[in-house]
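Please look at the sequence and the structure shown below before reading on.

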Amino acid sequence: MSKIPATPEMIHDRLYHLAKATTGILEKHNIPYSLAYGTLLGAVRHQGFIPWDEDFDLWLFSDSYDEAIEYLRSELPEDMFLEDEKSEPMYFHGWAHVKDLNSETAQNLYPQDSAYSHKGLHIDLYKLPVLKESEMWNYIDNEFERYINKRREKGLLSDEDYQVRLDKLANDRKEHASFKGDPDKTIYLFLTEHIYLEENEAFPLKRYKFEDSEYLAFNDADKALTLLYGDYMTPPPEGKRDTIHSEVYIIQ
């Protein structure tokens, strides 16, 4: 086997291969999903990949997430695998990955991910919580607690950083204690951004062009992207076009 430095086109070819396999399995089993983050932005603004993007993002809805993960675990092709706490001893993320076995990367933006055994390109399978608005902040705070405890257990947070985050969590819980929210409103929560879509904005899902295929995404992609990025149709200046990897190789 040899390792070849990857061009952006080679990176996108591998990611596209992962995406077709992943969404094919999901659609075969009628599992809903949506393009997410930069991938959704790419579909709307570029009808494909953002030219400097180096991953592929999907949202899977929490009420069918576990079912989706088990289908993917058993049905993905041999050149990729489902990466989560069952397949990676150091796993600390709150969502799973589809990981490529025919590439290798070095981390740039997220150095903590270097703890994982397999370094290939991946698809993020973000869990999109489906819950009542009144439950929102309790859910967010509990997930943050789970995340920092898991990283601490894996030796990926220092004592000092752990305490800083515990203090932040305590302050957040005090601040959120008075939040009521509507117990009858179903929301689709972007967990780390603390923003959400309402049911009629999320569904019915629509198909959006991405390269030479079409993929499912939220009914109101404009609302989702505006919440996430503001003026999302204006690309950032060249100096702000960050990549998540410092190196990418294709393994042949």
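Predicted model: local features only at pLDDT ≥ 70, side-chain atom pairs only at ≥ 80, totals over all residues.

We begin with helix H2, which covers residues 37-46. Eight of its ten residues are buried, so the helix is largely enclosed by the rest of the structure. The buried residues are Tyr-37, Gly-38, Thr-39, Leu-40, Leu-41, Gly-42, Ala-43 and Arg-45. Just after H2, the backbone at Gln-47 adopts a positive phi of about 55 degrees.

Which helix packs against H2? The partner is helix H7, made of residues 221-229. Two packed helices are described by the angle between their axes and the distance between the axes. For H2 and H7, the angle is about 125 degrees and the axes lie 11 Å apart. Angles from 65 to 115 degrees count as roughly perpendicular and those over 145 as roughly antiparallel, while a value between these ranges counts as oblique; H2 and H7 are therefore oblique to each other. Their crossing is left-handed. On the side of H2, the contact is formed by Tyr-37, Gly-38, Leu-40, Leu-41 and Val-44, and on the side of H7 by Ala-221, Ala-224, Leu-225, Leu-228 and Tyr-229. Sorted by class, this contact comprises nine nonpolar residues, one polar residue and no charged residues.

Strands of a sheet pair through backbone hydrogen bonds, either parallel or antiparallel. In this model, three strands make up an open sheet in the order S1-S13-S6, with antiparallel pairing. Strands S1 (3-5) and S6 (103-107) stand at the edges and have a single partner strand each, so one side of each is left without a neighbour in the sheet. On average, neighbouring strands of this sheet are turned by 30 degrees against each other, direction ignored. S1 is joined to S13 (residues 245-251) by three bridges. In this pairing, Lys-3 has Ile-251 of S13 as its bridge partner.

Strand S3 (residues 56-61) runs parallel to S7 and is joined to it by six bridges; here Trp-59 stands opposite Tyr-126 in S7. Strand S5 (residues 96-100) instead runs antiparallel to S7, with four bridges between them, and His-97 stands opposite Asp-124 in S7.

Definitions and conventions:
Residues numbered from 1 in each chain as written. Heavy atoms only, no water. Buried < 20%, exposed > 50% of the residue type's maximum accessible area, 1.4 Å probe, protein only. Helix = DSSP H or I, 4+ residues; strand = E, 2+ residues; numbered from the N terminus. Pairing = 2+ DSSP bridges. Axes fitted to C-alpha atoms, helices over the stretch in contact; angles between N-to-C directions. Parallel < 35°, antiparallel > 145°, perpendicular 65-115°, else oblique. Left-handed = near helix turned anticlockwise from the far one by under 90°. Contact = heavy atoms within 4.5 Å. Nonpolar A, V, L, I, M, F, W, Y, C, P; charged D, E, K, R; others polar.
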